[in-house]
Amino acid sequence: MGKGLSKKNMQPEHSCNLREVVLNAKPPSTGKKQVAIDQVIQQIEHLPTLPQVVMRVLSMAESPKISAIELSKALDQSLASKVLKLANSAFYGGRGQKISNLHHAIMMIGFESVKEIILTTSFFHTLHDARDVQSLRPLWEHSLECALIAKRLAWIYRYDSLDEAYLSGLTHDIGRLVIQQYFLDQFEEIEEKKKSGRDWLEAEKEVLEMTHAEIGGKVAERWGFPANLIDVITHHHDCSWTQNPTMGKILHYADRFTFGELDFPAMLESFTKEGMNPPSTWDSTDLASVEQILKEEAEKARSMFRFATGKNS
Ligand SMILES: [Fe+2]
Ligand SMILES: [Fe+2]
């Protein structure tokens, strides 16, 4: 696969050899727009923290007895009303009976869906001051779709924390937000380099000394994510994760599938080559159903974006 941008002009085409390229990229030479790593780190330190409820959801894999009551206690009023708004949306509920509280939501749409909504809403709630939600929309929709796909892949490949997979997809490109939001000059410089054929990650490294994936890892650290989640976010393009290869592969292929770099059969084949297989009892009809479900996640991501951000157009 050659270097360059994917057909959607948003994602660098993947090559795990890219790690070599990125790690060996020369540091910035001169240039008014270039900033030092410590300026990026400083900015990350000023980012708001995620609501506590996110960590409560993540810890549920280890403590499945955490109840809906405990979860609802960790939601502030504004967050709770957003969760309920999304739970009442056409995609999740919206079947005539109004969902009025978290317990009711769990009864109506299930605990898994409620956790998805809590993670998504918390994420957007934290970043609601983003300069221009609309200009970030392609990024948000990609992140949401990646979250939904990663969660499905975690289920297919029997990874033990679906919530962790979902959160990794949702947050994996947060470094792109940091660049677009806080380093506009550098963002534009990177875009220029991309237009002239420079590999995206190399361009980021040249301008900011870090890739968006590395910046994302720093944000994940700041948000108190578990070490394995920080690791897979940091290495979602270069595949050099060390802590949890299963989670790393799930996020990496979810990202590429979401960008249309891989279709469903090619993605399954990639997993098989990595020694990961779907349940042996599945036949071609089961796989076709899963493929259909994954295709529908893009529409779900658009619906969730509209409700989570209040941008209904
Ligand atoms: Fe990325
Ligand atoms: Fe991505």
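A crossing of two helices is called right-handed if the near helix is turned clockwise from the far one by less than a right angle, and left-handed if the turn is anticlockwise. In the predicted model described here, the crossing of helices H9 and H15 is right-handed. The axes of H9, which spans residues 162–171, and H15, which spans residues 245–258, come within 10 Å and cross at roughly 45 degrees. On the H9 side the contact involves Glu164, Ala165, Ser168 and Gly169, which meet Met247, Ile250, Leu251 and Ala254 of H15. In general, an α-helix has 3.6 residues a turn, so residues three or four places apart point the same way.

In its overall secondary structure, the protein comprises 17 helices and 0 strands. Of its 313 residues, 42% are buried. Among the contacts with a sequence separation of 6 or more, 66% are made by residues 24 or more positions apart.

The largest nonpolar core contains 74 residues, of which Ala87, Ala150, Leu153, Ile250 and Ala254 touch the most other members. Helix H8, formed by residues 137–156, gives the most to this core, contributing 10 residues. Because domain 1 (18–48 + 133–309) and domain 2 (50–126) both give residues to the core, it lies between them. Leu153, one of the core residues named above, touches Ala165, Ile250, Tyr253 and Ala254 when residues up to four places away in sequence are not counted. Of these partners, Ala165 belongs to the H9 side of the helix contact described above, whereas Ile250 and Ala254 belong to the H15 side. In soluble globular proteins, nonpolar side chains tend to be buried together.

The C-alpha atom of Met108 is separated by 8.9 Å from that of Ala87, a residue 21 residues apart from it along the chain; Ala87 is itself among the core members that touch the most others. Helix H16, which runs over residues 264–273, is hardly covered, since the count of buried residues among its 10 residues is 1. Just after H16, Gly275 adopts a positive phi of about 80 degrees.

Conventions: Residues are numbered from 1 along each chain as its sequence is written. Chains are lettered from A and ligands numbered from 1 in the order in which they are written. This is a predicted model: local features need pLDDT of at least 70, side-chain atom pairs count only at pLDDT 80 or more; totals for chains, interfaces and linings use all residues. Helices (H or I, at least four residues) and strands (E, at least two) are DSSP runs, numbered from the N terminus. A residue is buried if 20 or more other C-beta atoms lie within 10 Å of its own, exposed if 12 or fewer, and partly exposed in between; C-beta atoms are placed from the backbone. Two residues are in contact if their C-beta atoms, placed from the backbone, lie within 7 Å. A nonpolar core is a set of buried Ala, Val, Leu, Ile, Met, Phe, Trp, Tyr and Cys residues joined through C-beta atoms within 7 Å. Domain bounds come from an automatic or database domain assignment. Axes are lines fitted to C-alpha atoms, for helices over the stretch in contact, and angles run from 0 to 180 degrees between N-to-C directions.
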